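Q: Could you take me through this structure feature by feature, giving the general idea before each case?

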Amino acid sequence: IGALTPGVTFAQNGQAGAAPKKPINITSDKMEADKGASVVVFKGNVVVVEDFTLCSNELYVYYDDNKEVKDIVADGDVRIFQQDKTATAGKASYDRKNRTLVLTEDPKVVQCTDTVKGDKITVYLDEDRAMVESGGGGRVRAVIMPEKKCAEDGKTAGDATSEETRCKRSR
């Protein structure tokens with residue numbers, strides 16, 4: 001993606017491979033914790049705010065042996081927002097330690113008026129790059145517009161209320 005549409009990634013300033021020090025804020029209709037399996041499941045209108053906003057129907061948060069968040073898996077109507085970039089998919093997996101986001105099940109990334117689609121999109125958050133793959137005879141598709149028109153929605157970064165509103169508005 002980076003070579004085709006520079007900046008169509010979900011990048012944050014930071015050190016590669018270092019988990020962000022920011023908290024993960026999660027809201028949902030329901031939460032179930034399974035200490036033995038080291039997983040917490042959130043269901044219904046899930047909104048996650050870290051250095052990007054992720055919305056989904058369900059979310060699974062997996063912990064490592066040190067009780068640190070290891071992986072986050074979003075399932076069902078996944079939408080991800082960061083600045084002028086939006087991604088949609090049926091499923092998304094976030095490896096917090098390596099800071100990679102893998103989108104599957106009809107993934108699409110849009111930045112302003114540019115669009116990229118494939119069978120699997122891997123975003124390397126701290127490296128300002130992404131990889132789009134096709135499979136099963138499919139092809140990667142990119143639409144790059146000559147004029148970049150970005151919407152200005154006036155939301156403030158880190159404002160959880162506006163993030164939840166953004167998730168509801170985007171369905």
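Q: Is D51 buried or exposed?

A: A word first on what we are reading: this is a predicted model, in which local features need pLDDT of at least 70 and side-chain atom pairs count only at pLDDT 80 or more, whereas totals for chains, interfaces and linings use all residues. Residues are numbered from 1 along each chain as its sequence is written, and side-chain values use heavy atoms, with hydrogens and water left out. Buried means under 20% relative accessible area, exposed over 50%, and partly exposed in between, with a 1.4 Å probe and protein chains only. D51, with a relative accessible area of 11%, is buried.

Q: Which side chain meets D51 in a salt bridge?

A: A salt bridge here is a side-chain nitrogen of Lys or Arg within 4 Å of a carboxyl oxygen of Asp or Glu. The partner of D51 is R99, at 2.8 Å from N to O. This pair links distant parts of the chain, 48 residues apart, since R99 lies in the loop between β6 (85-95) and β7 (100-104) and D51 in the loop between β3 and β4 (53-63); strands are DSSP runs of E, at least two residues long, numbered from the N terminus. R99 is buried as well, at 1% relative accessibility.

Q: How many salt bridges does the rule give, and which residues are joined into one network?

A: The count comes to nine. Among them is the pair of E127 and R129, 2.7 Å from N to O, where E127 is partly exposed at 42% and R129 is partly exposed at 38%. Salt bridges with shared partners join E50, D51, R96, R99 and D126 into one network.

Q: How many bridges pair β2 with β3?

A: Two strands pair if DSSP finds at least two bridges between them. Strand β2 (residues 30-34) and strand β3 (residues 39-49) pair over five bridges, in the antiparallel sense, and A33 has V40 in β3 as its bridge partner. The two strands form a hairpin with four residues between them, and S38 in the turn has a positive phi of about 55°.

Q: Which residues have the most contacts inside the largest nonpolar core?

A: A nonpolar core is a set of buried Ala, Val, Leu, Ile, Met, Phe, Trp, Tyr and Cys residues joined through side-chain atoms within 4.5 Å. The largest one has 26 residues, and L54, L59, I80 and L103 have the most contacts inside it. Its largest share, five residues, comes from β5.
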